[in-house]
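User: I have a new structure to look at and have not seen it before. Can you walk me through it?

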Amino acid sequence: MKQLESDKITALYCRLSRDDELAGESNSIKNQKLILSKYAEDNKFQNIRFFVDDGYSGTTFTRPAFVELMELAENGQIGSIIVKDHSRLGRNRLVVGQLLEEDFVRLNIRYIAIMDNIDSSKGLNDFLPIQDWFNEMHAKNTSQKVRAVLKSKGEAGVALSNNVPYGYKKDENDKTKWIIDEPSAEVVKEIYSLFIQGHGTFEIARMLTERNIMTPAEYFASIGRTFPTKLQTLKHQWNATTVASILDRQEYIGDTVNFKYTVRSYKDKTKVNLPKEEWKIFKNTHEAIIDEYTWNIAKALRNNRKKPTRTGRKSIFSGLLFCNDCGKKLYFQAPENNLKSKDHYRCSSYKKNISLCTSHWITDEVLQGLVLENIQKVVSYMKNYEDLFIKEQLDKSSKEEAKTLSKNKKELEKAKSRIIEIDTLFQHIYEDNISGKLTDERFRNLSFNYDKEQQELKIKIEQLSKEIDNTEKKTTDLSQFISNVKKYTEITEITPEILNELIEKILVHQAEKIDGKKVQEIDIYYRGVGIISFPVSLEDMTMVIEKMLNERKTA
């Protein structure tokens, strides 16, 4: 049965984008509703219904309320569409033109834009496409201005993300600052702890789901915050992707990371991820939930994650084993006969091509025994001779590192000064070129050379800054390593947590036969301190301690 014209809906459509908010109260949703209501009442329109899109750009037409309106229109339920002004309908001239000239005509819809004196029942003005073009150019110019402001803020270290990461909330006194949200931060800490203990992302997601922990989307909804992901039908249903995204966020160590993505254009708001080289990272801008030492462990584990073997068994040394000769990873292999004593590792180069390297074959049982013995020595050594250990570590390369650090800092300051100097030179040659003292060709050559030198200096500054940061954080890493070792008073077996917290990598040597016996060495590099050497006897230890005491007396 055909719907009567009098029964059809009069759609009063309101739209406000974040950019329109800058124009003031005149475009507010409240103001639009007042104007539309009065117009509809004065002109005796019936069956009135509001459709509101608050915070949506006019360049996109996938706005929720507009989509709903058009679905009703396609079903023949809309008689008229009324907007405050023509730009409320949209700022994409091609789509708006199609709506006015084709879709609204086909659907027998009357279109009215009050402030622009547009009424399709009286015919459309020939200059309307020009107005649509101006509306689109307004959106383009506004987008460029907003991008310029965001770029300036981002380069100054202000966080550009509107969505504060799970674990943080905005400071009530300063909305640009993030502070820790304790309930969600505890979940973040637990995720990192479980991951370092050897649990994978799927396993962690399952554990959180079984314990009925609210997902980030559910938690934000419970405290009145919006979240870009929609709520799932199943309650407390965590997934591996959510866990992985938490493990990958550098913001949890107190850093601000800007320019991780951009949009395709002012019309297409689809996000495009940018390469890490283009990210801008600002250190220590807010309180950390995860210390950098722990985050680096998680990052290394993420980079070296490996699927289980066909038997389902996984190696606790995943991502830690490397060939001493070719430097490639050692692959874990678990025979299908389920005999754990036969679990072993082989050089990945050798596995691909036996001419590239030797096997470096070692069983999981032997490796665990060697590593356990070494870790037990470290724990015992630290327990009895902590002061000596700290002194040895600081003395090991302190003189050379101090010299390098001083040199790098001087080079950094020199490079920064030269960049400022080049800016001044640019100004001088520009003025000389304008006044005629410098030819255009000479100006172009000098400009090219100065620009090239400045770009090279910027790269050098970035490299030097990283080297200085790495050198200065070694003392922090040493303190963290000692703190981690002290957690373990007695170790009787090695676990993924112990390995991941203490060990950075293990180099496996090729086995050799010496005096008819198979001998195989491994080099264990501990996080932040490298290889740890131990005195071979009590006499050696006594001599070392006496030497240290004598040095203190001399000092």
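Analyst: A term to begin with: two strands count as paired if DSSP finds at least two bridges between them. With that in hand, Phe-322 stands opposite Leu-507 in strand 16. Keep in mind that this is a predicted model.

User: Which strands does strand 16 pair with, and in what sense?

Analyst: Strand 12 and strand 16, residues 503–508, are parallel and share three bridges. Strand 16 and strand 19 are antiparallel, with five bridges.

User: Which residues of strand 19 are on the covered face, and which on the uncovered one?

Analyst: Ile-522, Ile-524 and Tyr-526 make up the covered face of strand 19. Asp-523 and Tyr-525 are on the uncovered face. In a regular strand, side chains alternate between the two faces of the sheet.

User: Let's zoom out. How many helices and strands are in the protein chain?

Analyst: The protein chain has 17 helices and 19 strands. Of its 555 residues, 38% are buried. Among contacts with a separation of 6 or more, 65% are between residues 24 or more positions apart.

User: How many bridges does strand 1 have to strand 2, and how many to strand 3?

Analyst: Seven bridges join strand 1 to strand 2, in parallel. Strand 1 is also parallel to strand 3, over five bridges. As examples, Ala-11 has Arg-49 in strand 2 as its bridge partner, and Ile-9 has Ile-78 in strand 3.

User: And how many residues of strand 1 are buried?

Analyst: Eight of its eight residues are buried. Both faces of strand 1 are covered: Ile-9, Ala-11, Tyr-13 and Arg-15 are on one side, and Thr-10, Leu-12, Cys-14 and Leu-16 on the other.

User: What about strand 4 and strand 5, parallel or antiparallel?

Analyst: Antiparallel, with two bridges joining strand 4 (residues 110–113) to strand 5. Ala-113 stands opposite Ile-118 in strand 5.

User: Where is Phe-127?

Analyst: Phe-127 is in the loop between strand 5 (118–119) and helix 5 (128–155).

User: Buried or exposed, and why does Phe-127 count that way?

Analyst: Phe-127 counts as exposed because its relative accessible area is 60%, and the cut-off for exposed is over 50%. Phe-127 also belongs to a nonpolar surface patch of about 460 Å², made with Ile-130, Trp-133 and Phe-134.

User: Different spot. Where is Asn-484, and which residues does Asn-484 touch?

Analyst: Asn-484 is in helix 15, residues 474–486. Leaving out residues up to four places away in sequence, Asn-484 touches Tyr-293, Glu-501 and Leu-502. Asn-484 is buried, with a relative accessible area of 5%. The C-alpha atoms of Asn-484 and Ile-498 are separated by 8.8 Å, and these residues are 14 apart along the chain.

User: And Thr-492, buried or exposed?

Analyst: Thr-492 counts as exposed, at 62% relative accessibility. Thr-492 is in the loop between helix 15 and helix 16 (496–502).

User: What does Thr-492 touch?

Analyst: Leu-372 and Gln-376, with residues up to four places away in sequence not counted. Thr-492 and Gln-376 are 116 residues apart in sequence, and their C-alpha atoms are 8.2 Å apart in space.

Methods. Residues numbered from 1 in each chain as written. Predicted model: local features only at pLDDT ≥ 70, side-chain atom pairs only at ≥ 80, totals over all residues. Heavy atoms only, no water. Patch = residues over 30% accessible without salt bridge, like charges linked within 9 Å, V, L, I, M, F, W, Y side chains within 5 Å. Areas by Shrake-Rupley, 256 points an atom, 1.4 Å probe, with all protein chains shown as cover. Salt bridge = Lys/Arg side-chain N within 4 Å of Asp/Glu carboxyl O. Helix = DSSP H or I, 4+ residues; strand = E, 2+ residues; numbered from the N terminus. Buried < 20%, exposed > 50% of the residue type's maximum accessible area, 1.4 Å probe, protein only. Contact = heavy atoms within 4.5 Å.
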